[in-house]
Amino acid sequence: MADQIDEFCYREMTDEQSFREMVESFVAFRPSSARRKFPRFPTPAALSGALGSNGIDGILVARDPGSSGGQSSNPDCGGCGYGTDVQRIKIDIVDFSESGVQLQLDCSDFLNLKKSSLYLEIENHRAPVQLRWWKQCGSASRAGFLFSNRIDSDQFFASYISARNTQLVEFLMAEYLNLNADFKQQAGVFIYLSIYYGLRLKFLEAIARFNAQTGSNRFEAKPAISITSFGSYASAYHLAQNQAREFGPDLRNALQRYIKPYNDFGSGVIGMNEDVVFMKGETIYVMFNSVLFSNDDGGNSTAILPDLYFLHNNFLTLKHLLMPGVFEDEIFETQFENYSDIIQQIDRSCKMEH
């Protein structure tokens, strides 16, 4: 969600401009060291007000290294007979990125969580997380967590977060196409950003698959590279992960055409159960981490992979039905081809390793 606005409860705010101004005021006072590296996207359950209605999303496992065991009597910990050194806390995912999640928790013991070793457990898969912030919202608690490891090092969680993105795009498109919600241009731009971010998540899935099948650490961080370097999936990955966070003029110019829809309309989903607005800086981060540039000027077309059909088809629907005339520039289609090319390179390399 927009930069840390999810620490507060603004469910009654539906005016886009007022909401944006409040978000900007909070962002302005946030130190650069505390800014999110990757903007978070909401889950359909959060947008529709259905958190927890279909069961919980998972468990937050909190292990207290200083505890000696025994039975827990704390009703908030969801322990159900677990020892006091391990709490199992029911959670629902409010929003997500490749670097972390915001959770709604059945817990009010912030101090105990702060000193505990924490793990996010979903479908019997567990990943270490770090508590970033905490906020009590009525009867529920909200908290932000960062993944302790890069998502591309865990094949399950890379696929899980990618699936969350797919669900978000599917939900928003259905809401607006079926006239369940009033469509506005900034909502279309938000869907566009979600689709492009989904391309990157598909790419990270491929990286995680490669690492899992080969046991390789080939994609460890390397020095930053030129914006125009696309000769291999490794170089493109380094571009997305390691470019300096200060955007130079070449990079800004290259991204301008991708950012133009935001400049024209803004980006946000207003009027659902939770309002979401992206600031310009967040939009730049989405584009910076999602857009792949190619040195190939030969105009050779790359067939779009079946794994990307869903995102591509929804982009075409957005382009032709919801926002005609906005995404006519061929650069928007090129990204689906670039990602198809890069994922095929990764999969071929994976086969070669065997």
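Is F190 buried or exposed, and what is its relative accessible area? F190 is buried, at a relative accessible area of 0%. The model in which this residue sits is predicted. Its secondary structure amounts to 10 helices and 9 strands, and 52% of the 354 residues of the protein count as buried.

**Overall fold and surface**

**Nonpolar core**

- The largest nonpolar core holds 85 residues, and the members that touch the most others are L105, L172, Y192, Y196 and M287.
- Helix α5, which spans residues 185–214, gives the most to this core, with 17 residues.
- In soluble globular proteins, nonpolar side chains tend to be buried together.
- Beyond its neighbours within four places in sequence, L105 is in contact with L60, I89, K90, I91, L113, W134, S141, R142, A143 and F145.

**Helix α8**

- Helix α8 (residues 280–290) is largely enclosed by the rest of the structure, because 9 of its 11 residues are buried.
- The buried residues of α8 are E282, T283, I284, Y285, V286, M287, F288, N289 and S290.

**The buried arginine R40**

- R40 is located in the loop that runs between α1 (16–28) and β1 (41–42).
- R40 counts as buried because its relative accessibility is 2%, where the cut-off for buried is under 20%.
- The R40 side chain reaches two backbone oxygens: that of V101 at 3.2 Å, and that of F145, which lies 3.1 Å from a polar atom of the side chain.
- F145 is also one of the residues in contact with L105.

**Salt bridges**

- The whole structure contains 12 salt bridges.
- One of them joins the side chains of E121 and R88, with an N to O distance of 2.8 Å.
- E121 belongs to strand β5 (residues 117–122) and R88 to strand β3 (residues 86–96), so this pair ties together parts that are 33 residues apart in sequence.
- Both partners are buried: E121 has a relative accessible area of 12%, and R88 has a relative accessibility of 17%.
- Within helix α5, E205 and K202 lie 3 residues apart, about one turn of the helix, and their side chains meet in a salt bridge at 3.6 Å, N to O.
- E205 is buried, with a relative accessible area of 14%.
- R209 and D347 form a further salt bridge, in which the closest N and O atoms are 3.0 Å apart.
- R209 lies in helix α5 and D347 in helix α10 (residues 331–353), so the pair ties together parts that are 138 residues apart in sequence.
- D347 counts as partly exposed, at 27% relative accessibility.
- Salt bridges with shared partners also join R88, E121 and R126 into one network.

**Aromatic pairs**

- The structure holds 22 aromatic pairs.
- In the pair of F41 and F190, the ring centres are 5.8 Å apart and the planes stand at 50 degrees, so the pair is tilted.
- This pair links distant parts of the chain, with F41 in strand β1 and F190 in helix α5, 149 residues apart.
- F41 counts as buried at 0% relative accessibility, and F190 is likewise buried, with a relative accessible area of 0%.
- F156 and F157 form an edge-to-face pair, at 5.1 Å centre to centre and with 90 degrees between the planes.
- Both F156 and F157 are buried.
- A cluster linked by ring pairs contains Y192, Y196, Y258, F315, F327, F332 and F336.

Methods
Residues numbered from 1 in each chain as written. Predicted model: local features only at pLDDT ≥ 70, side-chain atom pairs only at ≥ 80, totals over all residues. Heavy atoms only, no water. Helix = DSSP H or I, 4+ residues; strand = E, 2+ residues; numbered from the N terminus. Buried < 20%, exposed > 50% of the residue type's maximum accessible area, 1.4 Å probe, protein only. Polar contact = N/O pair within 3.5 Å; in protein donor to acceptor, adjacent residues only side chain to side chain. Core = buried A, V, L, I, M, F, W, Y, C linked by side-chain atoms within 4.5 Å. Contact = heavy atoms within 4.5 Å. Salt bridge = Lys/Arg side-chain N within 4 Å of Asp/Glu carboxyl O. Phe/Tyr/Trp six-rings, centres within 6.5 Å; stacked < 30°, edge-to-face > 60°.
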